[in-house]
Amino acid sequence: METVVFSLLNGVIYGLLLFMLSSGLTLIFSMMGVLNFAHASFYMLGAYFAYTISSVSGFWLALIFAPILVGLVGAATERWGLRKVHANGHVAELLFTFGLAYLIDEVVKIIWGRNSVDYRVPELLDFPLFTLYGTQYPAYRIFILFVAVAMLVALWLLLKRTRAGLIIQAALTHPEMVGHLGHNVPRIFMTVFGVGCALAGLAGVIGGNYLVTDPAMAISIGPIVFVVVVVGGLGSLEGAFIASLLLGLLQTFAVSIDASFADIFGWLGLGETTEVGRITIASLAPMLPFLMLVLILMVRPRGLMGDRDI
Amino acid sequence: MTAPALKLTDLHKSFGPAKIIQGVNLEIEKGERHAIIGPNGAGKSTLFNLISGQFWPTSGSVELNGQDISRMKPHEVNRRGLSRSFQVSNVFTNMTVRENVRCGVLYSMGHGYSFWRNVGNLREVQEKTSAILEHVGLIDKANLPAALLPYADQRTLEIAITIAGGAGVILLDEPTAGMSHSETDRAVALIEKATEGKTLIIVEHDMGVVFGLADRISVLVYGEIIATGRPEEIRGDPRVREAYLGDENLEGVA
Amino acid sequence: MNFTKSAALAAAISLCAGMAFSDTVKIGFIDPLSGPFGPTGDAGLKQFNFAADQINENGGMAGNTVEILPFDNKVNPKESLVQLQKAIDQGARFIVQGNGSSVASAIIDAVNKHNTRNPGDEVLFLNYAAVDPAFTNDRCSFWHFRFDSDADMKMEALTDWVTKNEDIKKVYLIGQDYSFGKAVAAAAERMLAEKAPDVEIVGNELHPLGKVKDFTPYIQKIISSDADAVITGNWGQDMVLLIKAAISSGSDVPYLTYYGGSLGAAVAMGEQAVGSVYQVSEVNTNLPTTDAQNALIDAYEAKYPNNNYYFHRIHMLMDMMDMAAEKSGSTDPKDIAMALEGMVVDGPYGTVTMRADNHQILQPLFVSVFSDNVQRDVENTSLGWASTDADRIEAEDTKTETTCKMERP
Amino acid sequence: MSDMATENFANLAPSNAQKFRMRVLPFVLFAAVAVLIPLFGPSRSAYSLLNAIGINIVFALSYNMLLGRAGLLSFGHAVYFGLGGYAALHAMGMIENADGGFWGSVPVFAMPLVGFAGGALAGAVIGWPSCRRAGTAFAMISLGVAELIAAMGFMFGSIFGGEEGISGDRMNGPEVFGLSLGPIGEVYWFIAFWTVLAALLIFAFTRTPLGRMSEATRDNPQRVEFVGYDPTRVRYLVFIAAGGFAGLAGGMSAVNYEIFTPEALSLLPSGFVLIMTYVGGARYFAGPVLGAIVLTYMQSNLSDFTEAWLLYLGLLFITIVMYAPNGLAGIVAGLWNGTRATGMAYLKTWAARVVAIAIAMVGVIVLVEVAVRKSNGYGEVFEPFGLHLTPGSPLTWALVIVPLIVGLGLLRHLARDEQEAGA
């Protein structure tokens, strides 16, 4: 029972963190057709910016300014980089962001070093919130939950209640229409890219001290975010949300399950000492997202909630 | 009794709520030159896509030489002897004219997916390619990259690729669109020459071309064929006049 | 002094410098210098550089300057072999490595092959921390010497400790999913079954090496298994994050570790870990020792204020290599290897022996506990590692049977 | 003789001399260079580098069968390289343990063939679901599959060897061409043989009906359907072939390094081969060869000079994506054609541009190198040509800012000139 409760909590938190990343990626991908390979690198930048700002002026200013900074970096990237290669097609754009991911990784290593930095949970939130079944639950995790939900609500309001949101929504469902909206398309693109990156940056701010802030954080989470976007369905924020939670829960639960293949398929004659039999469900956790991706692409290429094939 | 070259039976196609083709019936005999005309948005291109396998019909069937092809993929349809051209030029722009035609020849000469032969050494393929290039009058430009061809020549190349595989049924989608008068005349002559002995189905806006070329004409309006017949029958059909043909058009060709 | 004279002097000096340079003993250091295990490798490199400086200040190794050439292998065996090739190409005839038995295994293999294929151009591998027991048993090689006690020897110490503590009835094993982690788990199972049949192993978990960012789900499993103690061979970031998660989830059972002294772990543990985290090692800086050794520790920690004197075995390795060079009067890898076999050294914490039969070092081991009552702290936390005399295991007692059949050239 | 018609009617047709110059001569030169290199008595490190280059040439050429020829962007090509390598290592293990029998008679020299089989088999299995789509979808699937296989690599120890990987010994079995394959100089001959052979085969592939149709499918899959070809099938077959040649490169690598670890299957090597191919120039057959040579050299030598070599690599890659999408080969070809067409004038503007870039690079390099040394914290100082550049000194900043402004300004000026000339 306690396993279920804790896995649920941890899984939801991890899932929400994934959603903060995948929502921005979905926005960018659906509107601009750009699969932003560097998206997780902006997440990493968010964590490092927050680390630097918080060591000067405390965590709370970092929470506000780090995402803004990341957003500005993103907008600048679009303005002076991506826009230039736009004419060469989507593959060129994809390659550009791929190179950008490389570049950001290296710049981060030079500025902040090759090893992890000591980016800590703010002292105000560094206490056990409650104890359940003998296990303490850190307050900071609940704080993550709040920030993520607040972001979710803000994004929802932005999309449903503002004019800009309506334009974006229209563009999400009918990407080919963007050009006919009579708006300044380059500026919309720049804004969307900036906002998407800022969301990733926010995830970095609150995820960096929850997990680890090191130069490998981008490459370890990047592919998982792609999985979320494709599994959820392109152009669908709802899909991204569902897929994020699903993956978060799946991975967390898998770790907490002790069964091995032999336990599950023992009735098929699979022995405990065979190589396949020894594989535990917990050890499958890192490959689950990709298994899901391949399955979805084979069975339902438009994703859970998407309305178009990729 | 031989089966018709192409037979459409109660063909329907909808995209969601939009019914584009609503019950088309049509039989085209072997060797016939058949034109399909109709106003913009009547569903002519959709009909071509249904016949050539790019779309699958919602209901109804397409038969090629008596064989049902309505659930086949384009390349399967093509291998059974139907070939088509496109409204916009659709050639391999990165290849030379010769290579373009050669692409059209390869499969029919039995060199499908082979990876053990050098294309340069396939004697029959080279000869056939040269023959086709000569036939359509592009042999002088054989080694130019297709992208550098003038527009009319690109349309010619498009036709050359279409006939290269030796298909018995040829679908041409507005082959003279965007051409000048003299170019159109040459194109018509080429089409007549190139499709000799074959079944030709053509979608065309230029009534001069249609009435000059076609044995029979079908008029497609809102996804239905409202009339089929010889050119003079169509010209005289009041429904056609009402639905589609402006008087001046008809005067023009009369 | 006139111009000619000074010019001649300068020329002489540079000539001497040039000669000294040509007689450099190059030691290739192949370990992670980036990534999750970067800090661990970096700490090792600092200690090697420090030890090399010491030897150079005292006249060098048999009169030769010692130089450490660092190579980053990212704990990847294949990358290590690429770096090994580079090290050899750059003139290194001694290779030192420690982080990752997977890497050490590949290096042993490659060094053996290199030495067969390039007679007269041999390379010697001095292993300072890769502790898979196989390297001094079935897979032992003349060209490999281990200066750390192997996983079995350390596990003997930890299981003895468990046996002594009678409240411990349930033990949880967690480790990294590769040869070393598996060796630790197997040794723990075997030895506990032997020494304390009443102790139950309530969990045996292997997690991916260096990839887990949040150990909370694992800690959750440990807590719900009601374990009385946890044994782990984790090192580097995997050690730090495991302890970090344990502290934040309030898991307060004893954690018996191989590498609780990993850089960064102390900060993550803090006050809450006092008295509950243990490590087994050849040193802790609060052991009684000679004044010279204390001065050495002071000098090291003064030079690298953000580091601690942790890899004592690196100093042992360099000193013993120095002595071997002295003894044989040569810096040829084969001569050094011959001289190292069976060498007995009076170390600052007791007598140290290099076994000739399998090239495994025998040194005293200590089970120390994380404490707030220490003279020397770690990572500037005012906390550190302490042990009593009862926690000392004599070098001779760590000796294990070996299956090694040493083939000498 | 078959080209008689062509010769009669069109003067533009490649003559036999031209064909020789374009298709045969480069390979003759390539092979000649490979044979001549050992005459210069390369050092052991030179041999290590050459062997790595040979492996990467084949790997990049196989990747370009997808990217350049078939228009398929893959983020998982290392999977086939790795699986081919693993197959070869297992075969080497069987040769080592063989007591006569079949494996007793197989030479290690033939391991690239085993690699080819392994890579092609993997391509046949994985390509089946992947090749139904092109473009972004294909890229995503390849990424997912690569991560999946890499994760599985750590799970099935008997096949992939876990963290330790699988090791082998190349000095077993019968010898071919009298090569024991022990010393690195002998391994060079092995690598050179297979590099030249594989390059030749991959080139020959582009001349076959399937090879031609793969390019046709890249440019216009719709048209391809109406000349009787199934684009999915074309992609699938090319995918298998590309997987096979990647596996061949893996087999070469297995013999050269005698070890494979599951990392070899992961995203990082897949990304590296993409960069090699693209930087070299995917539109040209020789592009990947050029890319493999330049990048392997950078990887093994630049990394000794500077720790920031990956940063320079990233900069190079982005610059190529933005300003020279045809890669280094495109730049070389442009220079050649431009000079032939417009003579010295072209060469002059080109040289001016190179100078401008070089000036700007001075600023970038100083900035990066000073920053790297500061971030390392060892107290090292960047001292090029006897200068002493500390992060605080005004000289450092002058050396960063002035070249950047001058270089970029010059580039801008040149671009404007060109525009005016064009207008």
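Which domains does the domain assignment of chain D give? I looked this up first. The assignment gives domain 1 (42-293) and domain 2 (343-422). Such bounds come from an automatic or database domain assignment. I then took the C-alpha centres of domain 1 and domain 2 of chain D, and they lie 38 Å apart.

**Ground rules**

I note that this is a predicted model, in which local features need pLDDT of at least 70, side-chain atom pairs count only at pLDDT 80 or more, and totals for chains, interfaces and linings use all residues. Residues are numbered from 1 along each chain as its sequence is written, while chains are lettered from A and ligands numbered from 1 in the order in which they are written.

**Helix pair in chain D**

I looked up α3 (residues 44-70) and α14 (residues 287-305) of chain D. Their axes come within 8 Å and cross at roughly 140°. Axes are lines fitted to C-alpha atoms, for helices over the stretch in contact, and angles run from 0 to 180 degrees between N-to-C directions. Helices are DSSP runs (H or I, at least four residues), as are strands (E, at least two), numbered from the N terminus. The angle makes α3(D) oblique to α14(D). Under 35 degrees would count as roughly parallel, over 145 as roughly antiparallel and 65 to 115 as roughly perpendicular; the rest is oblique. The crossing of α3(D) and α14(D) is right-handed. That term applies if the near helix is turned clockwise from the far one by less than a right angle, and left-handed if anticlockwise.

I checked who makes the contact (C-beta atoms, placed from the backbone, within 7 Å). From α3(D), the residues include D:Leu49, D:Ile53 and D:Tyr63. From α14(D), they include D:Pro288, D:Ile293 and D:Tyr297. Ala, Val, Leu, Ile, Met, Phe, Trp, Tyr, Cys and Pro count as nonpolar, Asp, Glu, Lys and Arg as charged, and the others, Gly among them, as polar.

**Helix pair in chain A**

I turned to α1 (residues 2-32) and α2 (residues 39-57) of chain A. They pack at about 135°, with axes 10 Å apart. They are therefore oblique to each other. Their crossing is right-handed. A:Leu21, A:Gly24 and A:Leu25 of α1(A) meet A:His39, A:Ala40 and A:Tyr43 of α2(A). The class count is 4 nonpolar, 2 polar and no charged residues.

**Chain A against chain D**

How many residues of chain A are in contact with chain D? I find 35, facing 34 residues of chain D. On the side of chain A, α3 (59-85), α4 (90-112), α8 (217-232) and α13 (288-299) give two or more residues. The largest share, 14 residues, comes from α4(A). This side has 27 nonpolar, 5 polar and 3 charged residues.

**Chain D against chain B**

Here the contact takes 31 residues from chain D and 38 from chain B. α1 (4-9), α10 (209-219), α11 (221-225) and α12 (231-257) of chain D each supply at least two residues. α10(D) gives the largest share, 8 residues. I count this side of chain D as 15 nonpolar, 7 polar and 9 charged.

**B:Val91**

Is B:Val91 buried or exposed? B:Val91 is buried, with 26 other C-beta atoms within 10 Å. The cut-offs are 20 or more for buried, 12 or fewer for exposed, and partly exposed in between. I place B:Val91 in the loop between β6 (82-84) and α3 (97-106) of chain B. Beyond neighbours within four places in sequence, its contacts include B:Asn100, B:Ala146 and B:Leu157.

Definitions and conventions. Two residues are in contact if their C-beta atoms, placed from the backbone, lie within 7 Å.
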